[in-house]
Amino acid sequence: MQNLLIPVKINNVLLYFLFVLLVPVAGSAQTIDLKSDLLLMNTVAKQQVPVSSKRPYIFKNQPKTFRNSNPVSLVFGGSLYVYQNYFSQHLSASCLYSPSCSDFGKHALKEYGIVKGTLLSFDRLSRCNRISATDLNPADIDEHTHRFNDPVKLYQ
Amino acid sequence: MQYTIKFFFSFIFLCAIFLNSSASVVKSDSLYLSGNYFEASIEYERMIFQAKNNTDINYFKYKKALCYKHMGRFYDALNELQPIYFSNPADSLYHLVCYEQSLCFYLNGEPARALWKIDEFFHRSTDTTLFRFFLPVKILCLNETFQWEEAKNSLLQYVNMQDFSPEKKTELEETVLNVYGRKNRPRIKSEKKAENLSRFLPGSGQIYAGKEGEGVINFLINASILTFAGIQVYNGFYITGYLAGLGFFNKTYHGGIRRAGVLAAQKNKELMAGFNSEITTILLSNTEETK
């Protein structure tokens, strides 16, 4: 009898270990952790508060060169900044595309210079209307912005 | 001693069956518990595909939805939970699915639908002890939909459901009544009122919504465009006046109305986040460990 019990005593440790390890794994599946859910709700509610941030100046954080500090660049860059931050929100029209036409123009001028940038901006403005919208591919709609994806890099 | 041995043999027997038949469940559950929610969701998807009965499918869908919830993909979580139907409300999974659905509706910015789900559960379920899990979500949803009296009553009901001493309960009830007092409630801006104000006088809706600067800019833009149109018509330039002037005025006037509504909604969102944060703090400090 003694000989039979010794292996059982040794195995008990292993069995206790198995019990402790497996029971929480099986049992944890169906519970409601109210505290962590409350914390999640608090965090998400704070994230959903709209943050009003200014859209940046076209040549922001760029080293001063003739290209970005001549009077023409300053006037047009400044006008674009004023339009994007103080004027566009008062217009009832909203852009079909993402990025918006003004952002597209800003990126195009930065990326391709004044000639190609201006031509691309005119092209985009001429495509931003209800008639052109009938010709767009619905598969290009961005699921977050709900607008047609039309970034500058498509026109390289 | 022999009973101990028998118990462990039974345990080993059951455990072996569990491990053998549900090795995948253990794998996906361990992925879930270790915080690898994306990998766990893929594993659960595989198990939904391989499941042979509706009970298993429902359970794996529920677990997959939990993975999405932890990843912050509340819309996807709802898509998993919505098709689950329980003909028997006594099903052990029913309250969990209803709870997660209502929570995900709230987190997805749809408090009215969360309330609808909670009401459905309260109506169908016979186990009133489970209501305390739903009450915090219900209170926050009622706040978001500005139903103050009902939110206050729900919070009082929640406090009464906790196992606190009578003194603490009285103290908490006073706190609740104070928080929901007329003075302490957030002053909600009416979107319709903001829009109507802007319709009557451009810019006034924005001022009502708390953005004075934007209101003044909107008024100046509208006034200057209208002046331009008037001067053009007065001087005989009818086409410029009507098309360029009034056409542009139409855009800024209606844009201002829409913007006033948006600003009022944003202000409300900001106010509600602050108020709900206060309520959540009360709930957190007075919620027992319910795991």
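Buried residues make up 35% of the 291 residues in chain B. A residue is buried if 20 or more other C-beta atoms, placed from the backbone, lie within 10 Å of its own. The model is predicted, so local features need pLDDT of at least 70 and side-chain atom pairs pLDDT 80 or more, while totals for chains, interfaces and linings use all residues. Residues are numbered from 1 along each chain as its sequence is written, and chains are lettered from A and ligands numbered from 1 in the order in which they are written.

Chain B has 14 helices and zero strands. Helices (H or I, at least four residues) and strands (E, at least two) are DSSP runs, numbered from the N terminus. The C-alpha trace spans about 110 × 55 × 35 Å along its principal axes.

Two packed helices are described by the angle between their axes and the distance between the axes. In chain B, the axes of H11 (residues 191-200) and H14 (residues 238-285) come within 8 Å and cross at roughly 150 degrees. H11(B) is therefore roughly antiparallel to H14(B), a term for angles over 145 degrees. Axes are lines fitted to C-alpha atoms, for helices over the stretch in contact, and angles run from 0 to 180 degrees between N-to-C directions.

Residues of H11(B) in the contact include B:Glu191, B:Ala194 and B:Leu197. Those of H14(B) include B:Gly256, B:Ile257 and B:Ala260. Two residues are in contact if their C-beta atoms, placed from the backbone, lie within 7 Å.

Conventions:
Parallel < 35°, antiparallel > 145°, perpendicular 65-115°, else oblique. Buried ≥ 20, exposed ≤ 12 C-beta atoms within 10 Å, placed from the backbone.
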